[in-house]
Amino acid sequence: MTEGVIRMLIFENIKMAFQSLMSNKMRSLLTMLGIIIGIGSVIAIMTVSSSLTTSISSSFQEMGANNVTVGIKQKSTESEERSDGMKFGAASKNSTVDEEDRITDAMIEELKQQYSNEIDDISLTESVGSATVKSGSDYANINLSGVNNGYFTANDISLVAGRNIKKEDVEGNKKVIMVSDKVVDNMFDGDTDSALGSKINVSVNGTYYYYYIVGVYQYESDGTVSTDTDEDVTTSAYIPITVAKEQTRSDEGYTQLVVVTSDKVSDVSEFADRINAFLSTYYVANEDYEISTTTMTSLTESMNDMINTVSIAVSFIAGISLLVGGIGVMNIMLVSITERTREIGTRKALGAKNSSIRLQFIIESVILCLIGGILGIVVGLVLGAIAAVALGYSAAVPVTAVIVATIFSMVIGIFFGYYPANKAAKLNPIEALRYE
């Protein structure tokens with residue numbers, strides 16, 4: 001057969017398939033229902049998964065996807081083997097972080113010098129604790145933290161008025177503070193001009209400290225449900241880290257820091273490994289602690305892998321309905337062949353080949369499944385978008401899942417349509433013409 005004849009034959013079979021489906025609309029719809037439910041369920045799940053993954057990636061990007069968190073962690077206590085072959089547990093590690101275990105300022109400076117072209121800044125923090133700003137009957141709840149100027153490079157904080165904590169504030173142990181607009185609302189009736197430069201008293205565990213406001217930032221809720229009113233909401237406040245260390249009387253050095261990488265770093269995870277290797281040289285002789293590095297990229301990948309694993313597992317369960325739908329397609333094709341036995345006999349008597357009969361019914365099965373698949377995709381996208389919005393995420397269309405679902409629908413049509421089509425092709429034309 002020439003290419004033109006084959007193309008015409010396929011076109012005629014598609015036309016006949018649609019005519020057959022339209023002549024039995026309700027039966028065709030009920031047959032497609034299993035395919036629609038199966039594909040729709042999978043697409044809905046993948047839409048929610050894609051939306052959740054996109055939202056998490058976006059959130060981690062805002063939190064600093066190119067940042068490397070460096071800290072110290074306890075070395076693992078693995079069993080050790082004696083010379084006589086007996087095994088015993090290693091001695092329990094010291095759970096207290098001593099001053100000699102901490103990352104020192106000297107280590108940080110050497111790290112900066114070693115990777116001067118790849119490090120933009122280093123963020124340091126020291127928690128002081130919950131505190132209250134008080135003036136007469138006015139008050140504001142805060143979480144007080146000591147930071148260096150690098151903290152504002154690593155974190156996206158919107159300044160409303162004034163300035164951030166500077167390097168000079170840290171080096172000079174200045175009694176300055178940066179507060180949120182909520183604190184200004186409570187203490188200064190929202191007047192930032194009056195707030196800047198004002199002296200405020202802060203109570204930390206019953207001890208009062210005073211600071212001068214140098215900056216006001218815009219408070220943004222983290223999205224968690226809170227029963228606090230706007231007046232009682234707790235916001236963060238920042239003071240120089242040197243001042244915080246004096247107040248808490250903490251040891252020198254740090255247990256954690258954040259490295260802000262430059263644009264020259266193309267692979268953050270690889271750079272994190274190099275930082276780990278560099279700082280680990282200081283901990284070779286340390287029996288209790290070692291260096292640990294993590295990145296937002298690795299956290300994002302781990303979170304996405306977990307979401308995808310759950311989605312695939314649930315999709316697999318939902319895909320069982322596809323098997324049921326495929327069996328339904330096979331069943332209805334067998335019924336259709338029985339109803340059209342005389343038609344098949346007539347076509348074979350007029351010279352139709354077995355391959356032509358087989359192709360006719362396979363195409364009809366594929367069309368049936370393809371329409372069901374397309375309807376399932378539409379239903380799945382709508383339900384998935386509704387679910388994503390209800391969960392508070394922007395709906396993201398899983399393009400790959402849509403393409404795979406379309407192809408899978410065609411595969412189901414071929415797989416479950418072949419047996420009935422082959423049975424039709426092998427009918428004896430004489431017996432088919434006698435069939436009532």
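Me: Hi! Where do I start with this chain: how much of the contact count comes from residues 24 or more positions apart?
Reply: Hi! Among contacts in the protein chain with a separation of 6 or more, 78% are between residues 24 or more positions apart. Keep in mind that this is a predicted model.

Me: Okay, and how many helices and strands does the protein chain have?
Reply: The protein chain has 15 helices and 13 strands.

Me: What share of the residues is buried?
Reply: Of its 436 residues, 41% count as buried.

Me: Why would residues a few places apart point the same way in a helix?
Reply: An α-helix has 3.6 residues a turn, so residues three or four places apart point the same way.

Me: What span should α11 have, and what does the model give?
Reply: Helix α11 runs over residues 320–339, which is 20 residues, so at 1.5 Å a residue it should span 28 Å. Its end C-alpha atoms are 29 Å apart, which agrees.

Me: New topic: salt bridges. How many are there in the whole structure?
Reply: A search of the whole structure turns up seven. In general, side chains of opposite charge can pair when their charged atoms come close.

Me: Which residue does Glu126 pair with?
Reply: Glu126 pairs with Lys245, and their closest N and O atoms are 3.4 Å apart. The pair links distant parts of the chain, with Glu126 in strand β5 and Lys245 in helix α8, 119 residues apart.

Me: Are Glu126 and Lys245 buried or exposed?
Reply: Glu126 counts as buried at 14% relative accessibility. Lys245 is buried too, with a relative accessible area of 11%. The cut-off for buried is under 20%.

Me: What about Arg163, what is its partner?
Reply: Arg163 forms a salt bridge with Asp169, with the closest N and O atoms 2.7 Å apart. Asp169 is buried, at 2% relative accessible area, whereas Arg163 is partly exposed, at 24%.

Me: Which residues are linked in a network of salt bridges?
Reply: Glu118, Glu270 and Arg274 are linked that way. Between Arg274 and Glu270, the closest N and O atoms are 3.0 Å apart. Those two are four residues apart in helix α9, so about one helical turn separates them. Arg274 is partly exposed at 27%, and Glu270 is partly exposed at 34%.

Me: Switching to the surface: which residues form the nonpolar patch?
Reply: The patch is made of Val397, Val399, Ile403, Val404, Ile407, Phe408, Val411 and Phe415, with about 770 Å² of accessible area together. One of them, Ile407, is in helix α14 and is partly exposed, with a relative accessible area of 48%.

Me: Last one: what is phi for Asn173 and Asn205?
Reply: Phi of Asn173 is near 50°, and phi of Asn205 is near 50° as well. Most residues other than glycine have a negative phi.

Me: Where are Asn173 and Asn205?
Reply: Asn173 lies in the loop between α5 and β8 and counts as partly exposed, at 29% relative accessibility. Asn205 lies in the loop between β9 and β10 and counts as exposed, at 73%.

Note on methods: Residues numbered from 1 in each chain as written. Predicted model: local features only at pLDDT ≥ 70, side-chain atom pairs only at ≥ 80, totals over all residues. Heavy atoms only, no water. Expected span 1.5 Å × (residues − 1). Buried < 20%, exposed > 50% of the residue type's maximum accessible area, 1.4 Å probe, protein only. Contact = heavy atoms within 4.5 Å. Salt bridge = Lys/Arg side-chain N within 4 Å of Asp/Glu carboxyl O. Patch = residues over 30% accessible without salt bridge, like charges linked within 9 Å, V, L, I, M, F, W, Y side chains within 5 Å. Areas by Shrake-Rupley, 256 points an atom, 1.4 Å probe, with all protein chains shown as cover.
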